[in-house]
Amino acid sequence: EQSKSIYGAKTKSSRPASSDAEVLQYFRQLPAKPLGAGQPVHSTARVVLICASGKGGVGKSTVAVNLAFSLQLLGLEVGLLDLDVYGPSLPELVKLPPDSVGQNEAGRLVPIDYGGVGLMSWGYISQQAATIRAPIATQIVSQLLTSVEWGALDILIIDTPPGTGDVLLSLAQTLQVDGALLVTTANGLSLADVAKGIELFDKVEIPATLVVVNMARLCCESCGHEQVLFADSAESYLPKFLESRRLGFVQLPLEPALSQAPAVPLPPNAYSYPFVRNPEFEGRPVWLAFQRMANQVLRELLGMNLRTARAGQTSLATLRLRSRGSLELRLPSGDLRSVACGMVRANCRCAHCVDDLTGEEKIDREQLRMDRSIHALHVEDVGNYAVRVAFSDGHSTLISLRALEALCRDPSSTDRKPSGVSSMW
């Protein structure tokens, strides 16, 4: 669905590249879950991902912004929430006209559509952040987490304040967060905070998904030589540490133009900023790195880059065919769950079920969910992250194990948009 931006121009997502098609198919099988409190549900997202750092000045917000727009370029519906009340960075990285934020009839904040990505920051609402007392700041954070009407998102990225303070704790208590992206630099001071961040996420049950080492190298535009920027050799210890924690990491080279934005707001059809939207920068090392990182983030969230499980944990769920064509899922915790065949069949996103060009639905998902006559004939493992199920109606569904786990946690989740809401998309 297209949306009307604050500049009056229509925006829409680009078609995904063929190399990303498999990942996107699995990702869209994840059920939508509600954001915020109250009924009816006004916003949903398949995944909530936070972008965090142990200290400021490592480029966390720049990474969050360009990752959000990289995911949008893959064809996903993306929202980006800047949760820093005292020092919001999003208004500096994506400049917008004054008074861009509005409220709907229900009194909820309406995100700003810029280039197909929904944006929200306290910095767009008020310029008085530095004078806000802590109790009021806590109330603002709560409002931003629960009272923004995002509509139906694929992924909500939350740019958190640096450090491991109360905002992260409030976030963990308010929303079901699926993963955390930790941004650091390759010097010893920043890397020391990575371990603290991972420890905090473990305590609040937020899985650390990926570590991003920003400004790791400087690429010479003349000869292509890569120069290491930090001389304390701290980066050499990072791979072993992350391997011990079963975490992946990516490196981003230093790019002077990455965080630059015009002095005045420009419409999205100018394709000036953020960096990954500017066609002049396409193909540069950090542009390519963001495209790879977007794909890797999705793969990590889906468990496609599966590593050995941490101590005391199994890796992913397993699906087995039982008597009379029923399905049973064993969760990583060891618990068993019955899975309705119609629910799995209705969750298929293959070309026979969804038009690849228009996104038009070719099947009646609600009817399939309610069909008790459908039963499974065969279950086949696909790699270590998905299964292919052959059903009695002649269709074969390929579904990720993460999607099956999510369906068992909330079998009522569907792909339908929240009731009573006109989506911003």
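Predicted model: local features only at pLDDT ≥ 70, side-chain atom pairs only at ≥ 80, totals over all residues.
Trainee: Why is Ile-132 called buried?

Mentor: Buried means under 20% relative accessible area. Ile-132 has 14% relative accessibility, so Ile-132 counts as buried. This residue lies in the loop between helix H4 (122–125) and helix H5 (134–146).

Trainee: Which residues does Ile-132 touch, leaving aside those up to four places away in sequence?

Mentor: Contact means heavy atoms within 4.5 Å. On that basis Ile-132 touches Val-85, Tyr-86, Trp-122, Ala-137 and Ile-140. Val-85 is 47 residues apart from Ile-132 along the chain, and their C-alpha atoms are separated by 8.5 Å.

Trainee: Which residues of H5 are buried, and what do they pack against?

Mentor: Ala-137, Ile-140, Val-141, Leu-144, Leu-145 and Thr-146 are buried in H5. The buried residues of this helix pack against E5, strand E7 (109–110), E9, H4, E10 and H6.

Trainee: What describes the packing of H5 with helix H6 (residues 166–174)?

Mentor: Two packed helices are described by the angle between their axes and the distance between the axes. For H5 and H6 the angle is about 35° and the axes are 11 Å apart. Their crossing is right-handed. Val-141, Leu-145 and Thr-146 in H5 meet Val-167, Ser-170, Leu-171 and Thr-174 in H6. By class, this contact has 4 nonpolar, 3 polar and no charged residues.

Trainee: What makes strand E5 (residues 78–82) mostly covered?

Mentor: With buried meaning under 20% relative accessible area, 5 of the 5 residues of E5 are buried. In a regular strand the side chains alternate between the two faces of the sheet. In E5, Val-78, Leu-80 and Asp-82 are on one side, Gly-79 and Leu-81 are on the other, and all are buried, which covers both faces.

Trainee: How do you know that E5 pairs with strand E9 (residues 117–121) and strand E10 (residues 151–159)?

Mentor: Two strands pair if there are at least two bridges between them. E5 and E9 have 5 bridges, in the parallel sense. E5 and E10 also run parallel, joined by 5 bridges. Leu-80 has Leu-119 in E9 as its bridge partner, while Leu-81 stands opposite Ile-158 in E10.

Trainee: How do you know that the span of helix H9 (residues 285–302) agrees with its number of residues?

Mentor: At 1.5 Å a residue the 18 residues of H9 should span 26 Å, and the end C-alpha atoms are 26 Å apart, which agrees. H9 is mostly covered, with 13 of its 18 residues buried. Just after this helix, Gly-303 takes a positive phi of about 80°.

Trainee: Why do strands E19 (376–382) and E21 (396–400) stand at the edges of their sheet?

Mentor: The open sheet has 3 strands in the order E19-E20-E21, with antiparallel pairing. E19 and E21 each have a single partner strand, so one side of each is left without a neighbour in the sheet. From one strand to the next the twist averages 20°. E19 and strand E20 (residues 386–391) pair over 6 bridges, with His-378 opposite Ala-390 in E20. Helix H12 (residues 401–409) lies across E20 and E21, at about 85° to E21.

Trainee: What makes strands E16 (318–321) and E18 (336–339) edge strands?

Mentor: Their open sheet has the order E16-E17-E18 and antiparallel pairing. Each of E16 and E18 has a single partner strand, so one side of each lacks a neighbour in the sheet. Neighbouring strands here are turned by 30° against each other on average, direction ignored. Strand E17 (residues 327–330) is joined to E18 by 4 bridges, and Leu-329 stands opposite Arg-337 in E18.

How values were computed: Residues numbered from 1 in each chain as written. Heavy atoms only, no water. Helix = DSSP H or I, 4+ residues; strand = E, 2+ residues; numbered from the N terminus. Axes fitted to C-alpha atoms, helices over the stretch in contact; angles between N-to-C directions. Buried < 20%, exposed > 50% of the residue type's maximum accessible area, 1.4 Å probe, protein only. Expected span 1.5 Å × (residues − 1). Left-handed = near helix turned anticlockwise from the far one by under 90°. Nonpolar A, V, L, I, M, F, W, Y, C, P; charged D, E, K, R; others polar.
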